[in-house]
Amino acid sequence: MSRQLVLSWLVGVILSAVVGTARAEIVPVEFLLDDPNGPVNRISLEISALGGLVGDSDTATLSGNVLSELDIDFDVDDHDGVINTVRFTGGTISFSDMTFDLRVPLFFSASARTRDVKGTLNTLGPPTPVVGEMFPTEGHELTLNQGRVTLTGDTDAEISFADEPLTSSTMGQATLTIFPPIVNGTMASYDLELRMPVDFDQETDANGITVRIEGSGIIVASGMFTRDLPNLLLSDLTGNGAVDFEDLTVLLAAWNTSVSAAEGNLVNPGSTPVNFEDLTVLLADWTGPLGAPAAPTGELAAAVPEPSSLSLLTMTALLLAGRPRRRRTSASRVR
Ligand SMILES: [Ca+2]
Ligand SMILES: [Ca+2]
């Protein structure tokens with residue numbers, strides 16, 4: 001009995017250090033552009049020439065994907081994710097074809113068409129910090145590097161984006177949202193949303209005529225990923241979907257004995273007894289009682305303390321363990 005009390009105290013000390021900490025992981029996420037809706041995933045481009053004397057605008061709808069690598073902290077309790085950094089690594093965003101009418105009566109007449117324009121979103125430098133779901137778009141470029149603009153009429157010319165890429169010049173703020181996961185067994189699935197403004201303003205020489213391409217729009221894309229909840233099933237010794245004091249009791253009851261993983265010997269059950277390694281794994285997977293405090297299943301369930309009540313448990317354990325008659329026995333057993 002006293003052995004368990006001392007262990008409970010140690011649990012309190014360790015748990016206070018473990019609970020609330022997070023595990024960081026690098027997660028590759030593919031974002032798929034949402035269907036165009038209003039200004040979302042549409043980019044209005046204006047093509048002008050002759051110093052702005054002629055110009056016309058048209059709107060392209062966007063589709064495709066954006067690849068990214070996200071550095072995410074996962075809360076060990078509720079598995080919520082917090083994105084630390086983002087880096088875009090590619091993908092392809094396709095623009096629908098556009099037509100422009102460049103005309104000044106009796107003076108100049110040409111039409112411009114875009115064909116098969118595609119671009120890629122890339123991060124130029126190291127990953128960018130995401131703070132409160134926001135990150136600066138500076139340093140992340142949407143580069144149009146496929147397709148062409150063809151001018152026909154009084155001037156015939158072709159601008160190939162493969163030869164002369166058109167690069168976005170946005171300086172705004174983007175948002176990257178990760179929603180609370182849906183946990184199903186030992187699997188958590190996360191939905192994410194990316195909202196990023198882009199704009200273009202670049203001059204290009206087309207057969208002796210300076211053509212200016214301007215435009216802006218907003219990219220909205222959705223991503224998802226799933227994640228195994230490591231060791232959660234293993235630490236759920238009672239198999240009720242939660243890692244709580246019931247599981248802790250099972251582990252402590254087998255302390256320093258060579259039992260199976262199902263009985264609490266979570267780490268190296270073949271070669272080590274139940275010890276602090278196993279305890280640390282269980283505490284890292286701590287979820288607290290299922291549905292507490294809304295759905296207690298009985299008096300005992302209602303009485304099971306939450307992690308926040310551990311200070312009380314710790315103090316109790318400390319007081320009991322500190323009684324002189326018990327101390328030597330407890331210490332020798334712990335060792
Ligand atoms: Ca359990
Ligand atoms: Ca072990």
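This is a predicted model: local features need pLDDT of at least 70, side-chain atom pairs count only at pLDDT 80 or more; totals for chains, interfaces and linings use all residues.
**Aspartate 116.** Aspartate 116 is exposed, with 12 other C-beta atoms within 10 Å. The classes I used: buried means 20 or more other C-beta atoms within 10 Å of the residue's own, exposed means 12 or fewer, partly exposed lies in between, and C-beta atoms are placed from the backbone. Aspartate 116 has a positive phi of about 50°, although it is not a glycine. I located aspartate 116 in strand E7, residues 108–123. Strands (E, at least two residues) and helices (H or I, at least four) are DSSP runs, numbered from the N terminus.

**Asparagine 41.** I then looked up asparagine 41, not a glycine either, and found a positive phi of about 55°. Asparagine 41 sits in the loop between strand E1 (22–33) and strand E2 (42–49). Is asparagine 41 buried or exposed? Asparagine 41 is buried, with 21 other C-beta atoms within 10 Å.

**H3 against H4.** Two packed helices are described by the angle between their axes and the distance between the axes. I took helix H3 (residues 245–253) and helix H4 (residues 276–284): their axes come within 11 Å and cross at roughly 175°. Axes here are lines fitted to C-alpha atoms over the stretch in contact, with angles from 0 to 180 degrees between N-to-C directions. H3 and H4 are therefore roughly antiparallel; the label applies over 145 degrees, with under 35 roughly parallel, 65 to 115 roughly perpendicular and the rest oblique.

Asp247, Leu248 and Leu251 in H3 meet Asp278, Leu279 and Leu282 in H4. A contact needs C-beta atoms, placed from the backbone, within 7 Å. The residues of this contact divide into four nonpolar, no polar and two charged. Asp, Glu, Lys and Arg count as charged; Ala, Val, Leu, Ile, Met, Phe, Trp, Tyr, Cys and Pro as nonpolar; the others, Gly among them, as polar.

In H4, I noted Asp278, Leu279, Leu282 and Leu283 as buried. They cover an arc of only 135° around the axis, so they lie on the same side of H4. The arc is taken over directions from the helix axis to the C-beta atoms.

**Whole chain.** I noted seven helices and 16 strands. Buried residues make up 32% of the 335 residues.

**Confidence.** The average pLDDT, the predictor's confidence per residue from 0 to 100, is 83, and 78% of the residues score at least 70. pLDDT stays under 50 over residues 294–309 and over residues 315–335.

**Conventions.** Residues are numbered from 1 along each chain as its sequence is written, chains are lettered from A and ligands numbered from 1 in the order written. Local features need pLDDT of at least 70, side-chain atom pairs count only at pLDDT 80 or more, and totals for chains, interfaces and linings use all residues.

Methods: Two residues are in contact if their C-beta atoms, placed from the backbone, lie within 7 Å.
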